[in-house]
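Biologist: Hi! Could you walk me through this one? I'd like to start with the ligand.

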Amino acid sequence: MSAPSPFMQAAIDLAASVRGTTSPNPWVGAVLVRDGRIIAQGATAPYGGPHAEANALARTDARGTTLYCTLEPCVPFPGKRTPPCTETIIAAGVRRVVIALLDPHVGGKGVQRLRNAGIDVEIGDGAEAVTNLLRPYLKWRQLGIPYVIAKVAVSLDGAVGAPAAGITWLTGEAAIARAHRDRASVDAILVGSGTVLADDPALTARPNGQPAPRQPVRIVLDARGRTDPAARVFQPTAPVIVATAPGSPPTWRQALLQRGITLLELERTEGRLELRQLLQTLGQRNIQSLIVEGGPTVHASFFDADLVDELHAYVTPRLLGSVGLPLVPPQHPFPIVHLDNVEIEPLPPDVLVRGYTGSWQPPLPILTPEA
Ligand code: AOF
Ligand code: ZN
(Lines give C-alpha, C1' and ligand atoms only; values in the text may rest on other atoms or scores of the structure.)
(Ligands and ions follow the chains in the order given, each with its own letter.)
Protein backbone atom coordinates (compact mmCIF):
# COMPACT_ATOMS: atom_id res chain seq x y z
CA MET A 1 0.00 0.00 0.00
CA SER A 2 1.17 3.53 -0.71
CA ALA A 3 2.52 6.11 1.70
CA PRO A 4 0.08 8.64 3.14
CA SER A 5 -0.24 12.00 1.38
CA PRO A 6 1.57 14.84 3.22
CA PHE A 7 -1.70 16.21 4.67
CA MET A 8 -2.78 12.77 5.88
CA GLN A 9 0.71 12.28 7.32
CA ALA A 10 0.21 15.51 9.30
CA ALA A 11 -3.10 14.10 10.63
CA ILE A 12 -1.38 10.80 11.50
CA ASP A 13 1.35 12.66 13.42
CA LEU A 14 -1.34 14.47 15.42
CA ALA A 15 -3.08 11.17 16.16
CA ALA A 16 0.21 9.58 17.25
CA SER A 17 0.90 12.52 19.57
CA VAL A 18 -2.19 11.63 21.67
CA ARG A 19 -1.81 7.85 21.57
CA GLY A 20 -2.66 6.38 24.95
CA THR A 21 -4.34 9.53 26.28
CA THR A 22 -7.80 8.99 24.75
CA SER A 23 -8.66 5.36 25.54
CA PRO A 24 -11.22 3.84 25.27
CA ASN A 25 -11.67 6.33 22.43
CA PRO A 26 -9.38 5.84 19.45
CA TRP A 27 -6.59 8.42 19.00
CA VAL A 28 -7.43 10.41 15.89
CA GLY A 29 -5.92 13.39 14.08
CA ALA A 30 -7.56 15.87 11.68
CA VAL A 31 -6.21 18.72 9.52
CA LEU A 32 -8.19 21.29 7.60
CA VAL A 33 -6.77 22.40 4.25
CA ARG A 34 -7.55 25.44 2.11
CA ASP A 35 -5.66 26.36 -1.08
CA GLY A 36 -3.00 23.71 -0.42
CA ARG A 37 -2.25 24.92 3.11
CA ILE A 38 -3.15 23.62 6.57
CA ILE A 39 -5.35 26.24 8.24
CA ALA A 40 -6.35 24.29 11.38
CA GLN A 41 -5.65 21.00 13.08
CA GLY A 42 -6.93 18.90 15.94
CA ALA A 43 -6.38 15.66 17.85
CA THR A 44 -8.74 13.66 20.08
CA ALA A 45 -9.01 15.00 23.64
CA PRO A 46 -9.04 12.62 26.64
CA TYR A 47 -12.17 10.46 26.95
CA GLY A 48 -15.34 12.53 27.14
CA GLY A 49 -13.68 15.55 25.49
CA PRO A 50 -13.95 16.80 21.91
CA HIS A 51 -12.97 14.62 18.97
CA ALA A 52 -10.18 15.49 16.53
CA GLU A 53 -12.50 16.83 13.83
CA ALA A 54 -14.41 19.01 16.31
CA ASN A 55 -11.13 20.40 17.65
CA ALA A 56 -9.91 21.28 14.14
CA LEU A 57 -13.22 22.82 13.04
CA ALA A 58 -13.63 24.93 16.19
CA ARG A 59 -10.60 26.97 15.19
CA THR A 60 -11.55 28.58 11.89
CA ASP A 61 -14.05 29.27 9.13
CA ALA A 62 -14.16 25.92 7.32
CA ARG A 63 -16.44 26.74 4.38
CA GLY A 64 -15.20 25.16 1.14
CA THR A 65 -12.24 23.37 2.79
CA THR A 66 -10.93 19.78 2.66
CA LEU A 67 -10.76 17.89 5.95
CA TYR A 68 -8.20 15.06 6.32
CA CYS A 69 -9.02 12.70 9.18
CA THR A 70 -7.33 9.47 10.19
CA LEU A 71 -10.62 7.76 11.14
CA GLU A 72 -14.17 7.86 9.87
CA PRO A 73 -16.11 10.67 11.60
CA CYS A 74 -18.60 9.47 14.18
CA VAL A 75 -22.41 9.40 14.01
CA PRO A 76 -24.99 9.48 16.83
CA PHE A 77 -25.32 6.39 19.05
CA PRO A 78 -26.90 5.79 22.47
CA GLY A 79 -24.66 6.88 25.34
CA LYS A 80 -22.49 9.09 23.16
CA ARG A 81 -20.60 11.74 25.09
CA THR A 82 -19.88 14.32 22.38
CA PRO A 83 -21.80 15.75 19.40
CA PRO A 84 -21.44 13.58 16.26
CA CYS A 85 -18.57 14.78 14.07
CA THR A 86 -20.52 14.22 10.84
CA GLU A 87 -23.01 16.94 11.85
CA THR A 88 -20.22 19.31 12.91
CA ILE A 89 -18.50 18.80 9.53
CA ILE A 90 -21.71 19.34 7.57
CA ALA A 91 -22.66 22.44 9.58
CA ALA A 92 -19.19 23.93 9.05
CA GLY A 93 -19.56 23.78 5.27
CA VAL A 94 -16.58 21.47 4.56
CA ARG A 95 -16.53 20.53 0.85
CA ARG A 96 -14.42 17.36 0.82
CA VAL A 97 -13.38 14.81 3.46
CA VAL A 98 -10.42 12.44 3.10
CA ILE A 99 -10.51 9.50 5.55
CA ALA A 100 -7.74 6.94 6.07
CA LEU A 101 -9.80 4.20 7.70
CA LEU A 102 -13.42 3.33 8.49
CA ASP A 103 -14.19 3.09 12.22
CA PRO A 104 -15.49 -0.44 12.98
CA HIS A 105 -17.73 1.18 15.58
CA VAL A 106 -19.29 3.45 12.91
CA GLY A 107 -19.21 0.92 10.07
CA GLY A 108 -19.54 3.28 7.08
CA LYS A 109 -22.52 5.23 8.42
CA GLY A 110 -20.35 8.34 8.84
CA VAL A 111 -19.26 8.20 5.19
CA GLN A 112 -22.85 7.68 4.09
CA ARG A 113 -24.09 10.64 6.13
CA LEU A 114 -21.44 12.97 4.67
CA ARG A 115 -22.13 11.82 1.11
CA ASN A 116 -25.87 12.23 1.58
CA ALA A 117 -25.17 15.82 2.61
CA GLY A 118 -23.35 16.38 -0.71
CA ILE A 119 -19.76 16.21 0.60
CA ASP A 120 -17.10 14.45 -1.51
CA VAL A 121 -15.61 11.60 0.52
CA GLU A 122 -12.40 9.76 -0.30
CA ILE A 123 -11.29 6.70 1.73
CA GLY A 124 -7.95 4.91 1.99
CA ASP A 125 -5.21 7.60 2.04
CA GLY A 126 -2.84 6.35 4.78
CA ALA A 127 -4.98 3.29 5.57
CA GLU A 128 -2.02 1.00 6.32
CA ALA A 129 -0.25 3.49 8.59
CA VAL A 130 -3.45 4.21 10.53
CA THR A 131 -4.23 0.50 10.84
CA ASN A 132 -0.86 0.01 12.52
CA LEU A 133 -1.26 3.11 14.67
CA LEU A 134 -4.67 1.92 15.90
CA ARG A 135 -3.85 -1.78 16.38
CA PRO A 136 -4.89 -1.81 20.08
CA TYR A 137 -8.22 -0.09 19.33
CA LEU A 138 -8.94 -2.32 16.31
CA LYS A 139 -8.16 -5.56 18.16
CA TRP A 140 -10.25 -4.55 21.18
CA ARG A 141 -13.17 -3.58 18.93
CA GLN A 142 -12.91 -6.86 17.00
CA LEU A 143 -12.25 -9.38 19.79
CA GLY A 144 -13.05 -7.50 23.00
CA ILE A 145 -9.62 -8.22 24.50
CA PRO A 146 -6.54 -6.00 24.90
CA TYR A 147 -3.63 -5.80 22.47
CA VAL A 148 -0.64 -7.38 24.23
CA ILE A 149 2.95 -6.14 24.00
CA ALA A 150 5.59 -8.34 25.63
CA LYS A 151 8.56 -6.29 26.80
CA VAL A 152 11.85 -8.01 27.51
CA ALA A 153 15.41 -6.88 28.17
CA VAL A 154 18.05 -9.46 27.27
CA SER A 155 21.80 -9.85 27.16
CA LEU A 156 23.49 -11.02 23.95
CA ASP A 157 23.32 -14.57 25.32
CA GLY A 158 19.59 -14.34 26.00
CA ALA A 159 19.57 -13.79 29.74
CA VAL A 160 17.24 -11.38 31.55
CA GLY A 161 19.50 -10.86 34.56
CA ALA A 162 21.99 -12.53 36.85
CA PRO A 163 20.77 -12.10 40.45
CA ALA A 164 23.59 -14.33 41.71
CA ALA A 165 26.03 -11.70 40.42
CA GLY A 166 23.89 -8.80 41.66
CA ILE A 167 22.73 -7.90 38.12
CA THR A 168 18.96 -7.30 38.03
CA TRP A 169 18.83 -4.30 35.70
CA LEU A 170 20.29 -4.51 32.21
CA THR A 171 19.50 -1.47 30.09
CA GLY A 172 20.86 2.08 30.06
CA GLU A 173 19.22 5.49 30.39
CA ALA A 174 17.98 5.82 26.80
CA ALA A 175 16.23 2.43 26.89
CA ILE A 176 14.67 3.18 30.28
CA ALA A 177 13.31 6.50 29.00
CA ARG A 178 11.85 4.74 25.94
CA ALA A 179 10.20 2.08 28.09
CA HIS A 180 8.62 4.75 30.29
CA ARG A 181 7.18 6.53 27.24
CA ASP A 182 5.64 3.21 26.17
CA ARG A 183 4.18 2.66 29.63
CA ALA A 184 2.54 6.08 29.38
CA SER A 185 0.92 5.13 26.05
CA VAL A 186 -0.88 1.96 27.16
CA ASP A 187 -3.85 1.25 29.41
CA ALA A 188 -2.17 -1.34 31.64
CA ILE A 189 1.13 -2.97 32.67
CA LEU A 190 1.35 -6.52 33.98
CA VAL A 191 3.96 -8.39 35.99
CA GLY A 192 4.09 -11.67 37.88
CA SER A 193 4.46 -12.05 41.63
CA GLY A 194 8.09 -13.14 41.15
CA THR A 195 8.98 -9.70 39.75
CA VAL A 196 7.25 -7.94 42.66
CA LEU A 197 9.14 -10.16 45.14
CA ALA A 198 12.51 -9.76 43.41
CA ASP A 199 12.47 -6.09 42.33
CA ASP A 200 9.65 -4.37 44.26
CA PRO A 201 8.94 -2.13 41.23
CA ALA A 202 6.60 0.88 41.41
CA LEU A 203 5.39 0.13 37.85
CA THR A 204 4.47 3.73 37.16
CA ALA A 205 5.05 5.60 33.90
CA ARG A 206 7.70 8.27 34.39
CA PRO A 207 8.66 9.67 31.00
CA ASN A 208 11.33 12.39 31.41
CA GLY A 209 11.65 11.32 35.04
CA GLN A 210 8.23 12.81 35.93
CA PRO A 211 5.07 10.76 36.58
CA ALA A 212 2.79 10.80 33.51
CA PRO A 213 -0.55 12.56 34.11
CA ARG A 214 -2.45 9.42 33.09
CA GLN A 215 -1.00 6.32 34.74
CA PRO A 216 -1.61 2.83 33.32
CA VAL A 217 -3.50 0.35 35.47
CA ARG A 218 -1.02 -1.99 37.20
CA ILE A 219 -1.82 -5.68 37.11
CA VAL A 220 -0.09 -8.33 39.23
CA LEU A 221 -0.51 -12.06 38.62
CA ASP A 222 -0.29 -13.76 41.96
CA ALA A 223 -2.08 -17.12 42.03
CA ARG A 224 -0.91 -18.12 45.49
CA GLY A 225 -0.90 -14.75 47.29
CA ARG A 226 2.89 -14.54 47.68
CA THR A 227 3.26 -10.76 47.38
CA ASP A 228 3.55 -8.39 50.33
CA PRO A 229 0.54 -6.05 50.50
CA ALA A 230 3.03 -3.33 51.51
CA ALA A 231 4.93 -3.64 48.18
CA ARG A 232 5.45 -0.43 46.17
CA VAL A 233 3.21 -1.61 43.34
CA PHE A 234 0.26 -1.61 45.73
CA GLN A 235 0.67 2.05 46.71
CA PRO A 236 -2.29 4.16 45.58
CA THR A 237 -0.48 6.09 42.80
CA ALA A 238 -2.54 4.29 40.11
CA PRO A 239 -5.31 1.70 40.03
CA VAL A 240 -4.16 -1.87 40.75
CA ILE A 241 -5.71 -5.19 39.79
CA VAL A 242 -4.44 -8.43 41.31
CA ALA A 243 -5.34 -11.65 39.52
CA THR A 244 -5.30 -14.62 41.84
CA ALA A 245 -6.51 -18.21 42.01
CA PRO A 246 -9.07 -19.89 44.27
CA GLY A 247 -7.33 -20.81 47.48
CA SER A 248 -5.02 -17.82 47.95
CA PRO A 249 -4.97 -16.79 51.65
CA PRO A 250 -8.06 -14.84 52.81
CA THR A 251 -5.95 -12.61 55.09
CA TRP A 252 -3.77 -11.59 52.12
CA ARG A 253 -6.88 -10.90 50.02
CA GLN A 254 -8.36 -8.84 52.82
CA ALA A 255 -5.19 -6.74 53.14
CA LEU A 256 -5.29 -5.95 49.41
CA LEU A 257 -8.99 -5.14 49.42
CA GLN A 258 -8.39 -2.73 52.29
CA ARG A 259 -5.91 -0.89 50.09
CA GLY A 260 -8.63 -0.39 47.45
CA ILE A 261 -7.13 -2.99 45.12
CA THR A 262 -9.38 -4.89 42.73
CA LEU A 263 -9.08 -8.67 43.09
CA LEU A 264 -9.94 -10.99 40.20
CA GLU A 265 -10.23 -14.68 40.78
CA LEU A 266 -9.21 -16.65 37.70
CA GLU A 267 -9.64 -20.31 36.96
CA ARG A 268 -6.56 -22.49 36.81
CA THR A 269 -5.86 -24.87 33.95
CA GLU A 270 -3.04 -27.34 34.51
CA GLY A 271 -1.88 -25.24 37.43
CA ARG A 272 -1.71 -22.02 35.42
CA LEU A 273 -3.98 -18.99 35.58
CA GLU A 274 -6.43 -18.69 32.70
CA LEU A 275 -4.93 -15.72 30.88
CA ARG A 276 -7.61 -15.59 28.22
CA GLN A 277 -10.21 -15.18 30.96
CA LEU A 278 -8.07 -12.37 32.39
CA LEU A 279 -7.87 -10.58 29.04
CA GLN A 280 -11.63 -10.85 28.56
CA THR A 281 -12.23 -9.26 31.95
CA LEU A 282 -9.72 -6.50 31.21
CA GLY A 283 -11.35 -5.86 27.81
CA GLN A 284 -14.72 -5.46 29.53
CA ARG A 285 -13.07 -2.83 31.71
CA ASN A 286 -12.07 -0.87 28.57
CA ILE A 287 -8.41 -1.88 28.77
CA GLN A 288 -7.33 -1.91 25.11
CA SER A 289 -3.59 -2.31 25.48
CA LEU A 290 -1.31 -4.08 27.91
CA ILE A 291 2.46 -4.33 28.32
CA VAL A 292 3.57 -7.63 29.86
CA GLU A 293 6.88 -6.91 31.58
CA GLY A 294 7.69 -10.36 32.93
CA GLY A 295 9.30 -12.22 34.50
CA PRO A 296 10.24 -15.16 32.33
CA THR A 297 7.43 -17.52 33.43
CA VAL A 298 4.82 -14.84 32.82
CA HIS A 299 6.24 -14.14 29.36
CA ALA A 300 6.35 -17.86 28.62
CA SER A 301 2.72 -18.27 29.70
CA PHE A 302 1.55 -15.43 27.48
CA PHE A 303 3.55 -16.69 24.47
CA ASP A 304 2.48 -20.28 25.07
CA ALA A 305 -1.19 -19.22 25.09
CA ASP A 306 -0.56 -17.31 21.81
CA LEU A 307 -1.72 -14.06 23.40
CA VAL A 308 1.21 -11.79 22.48
CA ASP A 309 0.71 -9.41 19.56
CA GLU A 310 3.94 -7.45 19.62
CA LEU A 311 7.40 -8.00 21.08
CA HIS A 312 9.70 -5.24 22.30
CA ALA A 313 13.12 -6.72 22.95
CA TYR A 314 15.79 -4.44 24.41
CA VAL A 315 19.12 -6.06 23.65
CA THR A 316 21.98 -5.03 25.88
CA PRO A 317 25.64 -5.48 24.90
CA ARG A 318 26.90 -7.97 27.41
CA LEU A 319 27.04 -11.67 28.11
CA LEU A 320 25.69 -12.88 31.42
CA GLY A 321 27.35 -16.23 31.05
CA SER A 322 26.67 -19.22 33.21
CA VAL A 323 24.96 -17.21 35.99
CA GLY A 324 22.48 -15.62 33.56
CA LEU A 325 18.74 -16.31 34.02
CA PRO A 326 17.43 -17.40 30.62
CA LEU A 327 14.60 -15.49 28.92
CA VAL A 328 13.09 -18.84 27.98
CA PRO A 329 12.81 -20.73 31.25
CA PRO A 330 13.80 -24.38 31.10
CA GLN A 331 10.88 -26.80 31.68
CA HIS A 332 8.34 -24.29 30.40
CA PRO A 333 6.73 -24.63 26.96
CA PHE A 334 7.59 -21.69 24.72
CA PRO A 335 6.74 -21.53 21.01
CA ILE A 336 8.90 -20.45 18.08
CA VAL A 337 8.12 -16.79 17.30
CA HIS A 338 8.89 -14.92 14.07
CA LEU A 339 8.43 -11.16 13.99
CA ASP A 340 7.30 -9.08 11.04
CA ASN A 341 7.20 -5.32 10.35
CA VAL A 342 10.41 -5.23 12.36
CA GLU A 343 11.75 -1.86 13.48
CA ILE A 344 15.18 -1.42 15.01
CA GLU A 345 15.88 1.54 17.25
CA PRO A 346 19.38 2.26 18.55
CA LEU A 347 19.25 3.38 22.18
CA PRO A 348 22.98 3.41 22.96
CA PRO A 349 24.42 1.27 24.33
CA ASP A 350 21.28 -0.88 23.84
CA VAL A 351 19.15 -1.68 20.79
CA LEU A 352 15.37 -2.04 20.70
CA VAL A 353 13.99 -4.65 18.30
CA ARG A 354 10.23 -4.38 17.79
CA GLY A 355 7.88 -6.45 15.67
CA TYR A 356 4.48 -8.07 15.33
CA THR A 357 4.04 -11.76 16.16
CA GLY A 358 1.05 -12.28 13.82
CA SER A 359 -1.02 -13.79 16.65
CA TRP A 360 -3.76 -11.36 15.63
CA GLN A 361 -4.02 -9.76 12.18
CA PRO A 362 -5.81 -6.45 11.82
CA PRO A 363 -8.72 -6.66 9.40
CA LEU A 364 -7.84 -5.44 5.91
CA PRO A 365 -8.89 -1.82 5.50
CA ILE A 366 -12.40 -1.55 4.13
CA LEU A 367 -12.26 1.04 1.40
CA THR A 368 -15.90 1.23 0.39
CA PRO A 369 -18.63 1.30 3.00
CA GLU A 370 -21.49 -1.10 2.44
CA ALA A 371 -24.52 0.43 0.76
C1 AOF B 1 -14.29 10.67 15.69
N2 AOF B 1 -13.20 11.40 16.03
O3 AOF B 1 -11.45 11.84 17.33
C4 AOF B 1 -12.68 9.90 17.78
C5 AOF B 1 -13.78 9.10 17.40
O6 AOF B 1 -18.71 9.07 23.31
P7 AOF B 1 -18.01 9.86 22.24
O8 AOF B 1 -18.86 11.00 21.73
O9 AOF B 1 -16.64 10.36 22.67
O10 AOF B 1 -17.81 8.90 20.96
C11 AOF B 1 -16.96 7.80 21.06
C12 AOF B 1 -16.83 7.08 19.74
O13 AOF B 1 -16.38 7.93 18.71
C14 AOF B 1 -15.80 5.96 19.81
O15 AOF B 1 -16.35 4.76 20.27
C16 AOF B 1 -15.30 5.86 18.38
O17 AOF B 1 -16.16 5.07 17.59
C18 AOF B 1 -15.40 7.30 17.90
N19 AOF B 1 -14.11 7.98 18.08
N20 AOF B 1 -14.53 9.51 16.34
O21 AOF B 1 -15.07 11.07 14.82
C22 AOF B 1 -12.40 11.10 17.04
N23 AOF B 1 -11.90 9.56 18.84
ZN1 ZN C 1 -16.43 12.19 16.36
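Modeller: Happy to! In this predicted model, a side-chain N or O atom of K80 is 2.5 Å from an oxygen atom of ligand 1.

Biologist: Nice. Which oxygen or polar contacts does ligand 1 have with N25 and Y137?

Modeller: For N25, a polar side-chain atom sits 3.2 Å from an oxygen atom of ligand 1. For Y137, a polar side-chain atom is 3.4 Å from an oxygen atom of the ligand.

Biologist: And how much of the accessible area of ligand 1 does the protein cover?

Modeller: The protein covers 98% of it, where ligand 1 on its own has 520 Å².

Biologist: Changing topic: what about the largest nonpolar core? Which members touch the most others?

Modeller: That core has 48 residues, and L67, I89, V94 and V97 touch the most other members.

Biologist: Why does this core lie between domain 1 and domain 2?

Modeller: Because both domain 1 (6-133) and domain 2 (140-356) give residues to it.

Biologist: Back to L67, then. What is L67 in contact with, beyond its neighbours within four places in sequence?

Modeller: Quite a list: A30, V31, L32, E53, I89, V94, R96, V97 and V98.

Biologist: Last one: which residues does the second, separate core include?

Modeller: That core has 32 residues, among them I145, V152, A243 and L311.

Terms used
Residues are numbered from 1 along each chain as its sequence is written. Chains are lettered from A and ligands numbered from 1 in the order in which they are written. This is a predicted model: local features need pLDDT of at least 70, side-chain atom pairs count only at pLDDT 80 or more; totals for chains, interfaces and linings use all residues. Side-chain values use heavy atoms; hydrogens and water are left out. A nonpolar core is a set of buried Ala, Val, Leu, Ile, Met, Phe, Trp, Tyr and Cys residues joined through side-chain atoms within 4.5 Å. Buried means under 20% relative accessible area, exposed over 50%, partly exposed in between (1.4 Å probe, protein chains only). Domain bounds come from an automatic or database domain assignment. Contact means heavy atoms within 4.5 Å. A polar contact is a pair of N or O atoms within 3.5 Å; within protein, one must be able to donate a hydrogen and the other to accept it, and residues adjacent in sequence count only if both atoms are side-chain atoms. Accessible areas come from the Shrake-Rupley method with a 1.4 Å probe; for residues, only the protein chains shown count as cover.
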